[in-house]
Amino acid sequence: MTDRETERLDIAPGEQHDTLLNEVTSYLIGLVLALALTATSFYIVSTSLLWGPGIAVGLVVLAIAQMGVHLVFFLHITSGPDNTNNVLALAFGVLIVLLIMAGTLWIMANLNANMAPSPELMNLQMQH
Amino acid sequence: MSTHAAPLLDAGSADTGLGNRGPQSKAIIVPYGFWLFILSDIIMFSALFASYAALVHAADGGPTGRDLFDLRNVAIETVALLVSSFVCGLALIAAKRRNMLWTQVWLLATGLLGFLFLLIELREFGSMIMAGAGPQRSAFLSAFFALVGCHGAHITAGLLWIGTLMAQVWAKGFQAHIMRRFLCFTLFWHALDIVWVAIFTIVYLMGMAP
């Protein structure tokens, strides 16, 4: 009897509780949005219309948007109270990912700048 | 069951917004544990991404991404994996309605699209290695094969899982524990697609960007 109540207060990641039409529509919206974002990403690389240095930033923004689309429409992560635990775990995961990525790039760039070997050695090991 | 046991299950106060206290049902705990595994897996991928980003220019005078990558192949791979992810969601919807035929059809489609993705990827790896651009050529290529190969290995494991799942659904029907595995599989498959979004952006598109 309380099982019904319990299940409405918490929900497993990836699960949704809706009608057939709602569920299929959600996946369809996700598919269309993801395809559009992917197509945009591939387009801005193939065109020369855009300012070169800005392309990388645009690509990252599009990729993050697409990951958001996947999370919302495919994994059904929402901001609702039944999703609190899932969102908290996700937020912690994102924090660690950002720390690893930003930390590595920061430290490696710093080492590269401060401890660069003499040019001859540089050519031996890696060429930019 | 005594009446004293009831408050344990129902003791949660709704005003915390954190749900009920006490043990949740397996239908919640199992996918949640798998969700934690997926997040850990993504953290492992982030380490591979970080090493790739640190080593991407260390081509040792050898071929760079611009010489090696073929964006047409990557586009086909991307669409195959995205549609596979979508179809995998349809399979879950069919399974929740206990429709055996469509569950199996959509799962098969998911697997075939994943297999297509894997074939294209292996062909790309093969042609790179044949051209002398294998993982031992430079630090850039080591990082490339580690990152993209690790994703490919996950896809391979996912394909094995699809086969197992189809057999289990067929043989055992839509029992609760099979449905839990089903939900975990869809989480895994969607998460792999998210990792692929990062790969095609950071590795392929940024590698080819002017």
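**View 1. Lining of the largest cavity in the predicted model.** Ile38(B), Asp41(B), Ile42(B) and Phe45(B) line this cavity, together with Phe188(B), Ala191(B), Leu192(B) and Val195(B). Helix H2 (26–55) and helix H7 (176–208) of chain B are the elements that each give two or more residues to the lining. A cavity is a set of points, on a 1 Å grid over the protein atoms alone, where a 1.4 Å probe fits but cannot get out; lining residues have an atom within 4 Å of a point.

View 2. Volume is the space filled by probe spheres set on the points, which are joined across faces, edges and corners. Searching the whole structure gives two cavities of 30 Å³ or more.

**View 3. The helices of chain B.** Chain B has seven helices and zero strands. Helices (H or I, at least four residues) and strands (E, at least two) are DSSP runs, numbered from the N terminus. Of its 210 residues, 51% are buried, meaning under 20% relative accessible area with a 1.4 Å probe, protein chains only.

**Notes.** Residues are numbered from 1 along each chain, and chains are lettered from A. In this predicted model, local features need pLDDT of at least 70, while totals for linings use all residues.

Notes: Predicted model: local features only at pLDDT ≥ 70, side-chain atom pairs only at ≥ 80, totals over all residues. Heavy atoms only, no water. 1 Å grid on protein atoms, 1.4 Å probe; cavity = no way out; pocket = protein on both sides within 12 Å on 5 of 7 lines; lining within 4 Å. Buried < 20%, exposed > 50% of the residue type's maximum accessible area, 1.4 Å probe, protein only.
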